[in-house]
Amino acid sequence: MIPFFDLKKQYISIQSEIDSATRRVYASGWFILGPETEAFENEFAQYLGAQYAVGVNSGTDALHLAIRALGIGKGDEVITVPNTAVATVSAIEMAGATPVLCDVRPDSMTMDADSFASVITDKTRAVIPVHLFGQAAELDPIIGIARQYKLAVIEDCAQAHGAKYQGQKVSTFGDIAAFSFYPTKNLGAFGDGGAVVTNDARLADKVKLLRQYGWRTRYESEISGMNTRLDELQAAILRVKLKHLDAWNAARRERAAMYTELLPNKRVAPPIEMPYGEHVYHLYVVQCHEARGASREYLAAFLKEREIGTAVQYPTPIHLQPAYQHLAPAGSLPLAEKLAREILSLPLYPELALTDVQTVAEAVREFEL
Ligand SMILES: *Cc1c(COP(=O)(O)O)cnc(C)c1O
């Protein structure tokens, strides 16, 4: 049996390091925002080549606080894509702003710059490109348009820890960025966690205030804020895992390259790695071309019969989900809608055996016959 993912294998591979880090926290008697969080924030910022990282409770809150720190709220529009975690859109709403959706490119499956430009209005204040599945969005044209219209750029890096665009890690191309440390992400905690990353001291300061009741000094709220803090246990675990991130990303890339080489690429097409960046394969997503007669559901069922786990990220574009049908009518974002019907994620994680990659690829080849 080849499961879609297996987090236990990763823990076992670094168990002694994790256990000593967590014991250090238990013994310290200090559990929320403290030396581990501060050390992790510094190490993570350094890893990314960024000035500041601020730990928060989740990727959703990282996006939410990034938007609020920019002073964006009621009456403002923020543009993003429909093929993302619903978190991207709910964060815009949590900040009080209005989400606006644009379509994606057929190759990278990330934001289409022309479609983005076409939905800008005089209320637009920011754009959130999502670095989807571990691959950077095509930032140059998106940022070029954003600068022209004086829009803030918020990078959603929740699936792209360590991914590169033109040789540089994503998160510092825009004004501010958000990361998630949800357990299945490339850098995952043992619970919820997230971080806001920026080179702007003023924005980093604002996020720090917002994450804890607007406090600069304890019990005195300078601005109105909330409680969305990273805890010491998660920070200690993330510090251990950060040291392995590059090796894990390399292992993901190796497995992805193997899939891409072995997959038949007829009706079922491997993901396209854009030449402008370095993909870190948070997910390995194939496309079952309906026009060539492939069916995503048949492929998923075919693999399931062979005890191979698959998943769909994401089966329903945001604007076709019950809560968000007011954002755009069905049929208005055709590329994202087509992709949602055609994509299938195959098992891919650093600990996946290379023989399992072969087994999965062979099963897909058999499906193609
Ligand atoms: C996971 C994810 C988020 C949300 O992160 P949480 O930590 O689960 O709140 C946001 N955006 C994208 C693209 C994600 O994949």
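**The ligand and its surroundings**

Modeller: An oxygen atom of the ligand lies 2.8 Å from a polar backbone atom of G59, which is a polar contact, meaning a pair of N or O atoms within 3.5 Å. This is a predicted model, in which local features need pLDDT of at least 70 and side-chain atom pairs count only at pLDDT 80 or more, while totals for chains, interfaces and linings use all residues. Residues are numbered from 1 along each chain as its sequence is written, and side-chain values use heavy atoms, with hydrogens and water left out.

Biologist: And how far is a ligand oxygen from the side chain of T60, or of S180?

Modeller: For T60, an N or O atom of the side chain is 2.5 Å from an oxygen atom of the ligand, and for S180 the corresponding distance is 2.6 Å.

Biologist: How many residues surround the ligand?

Modeller: There are 15, the closest being G59, T60, Q159, S180 and K185, where a residue counts if one of its heavy atoms lies within 4 Å of the ligand.

Biologist: What classes are in that shell?

Modeller: By class, the shell has five nonpolar, eight polar and two charged residues, with Gly counted as polar.

Biologist: Switching topic, how many salt bridges does the structure hold?

Modeller: It holds 19, each being a side-chain nitrogen of Lys or Arg within 4 Å of a carboxyl oxygen of Asp or Glu. One of them pairs E36 with R24, whose closest N and O atoms are 2.7 Å apart.

Biologist: Where do those two sit?

Modeller: E36 is in helix α3 (residues 35–48) and R24 in helix α2 (residues 15–28), 12 residues apart; helices here are DSSP runs of H or I with at least four residues, numbered from the N terminus.

Conventions:
A polar contact is a pair of N or O atoms within 3.5 Å; within protein, one must be able to donate a hydrogen and the other to accept it, and residues adjacent in sequence count only if both atoms are side-chain atoms.
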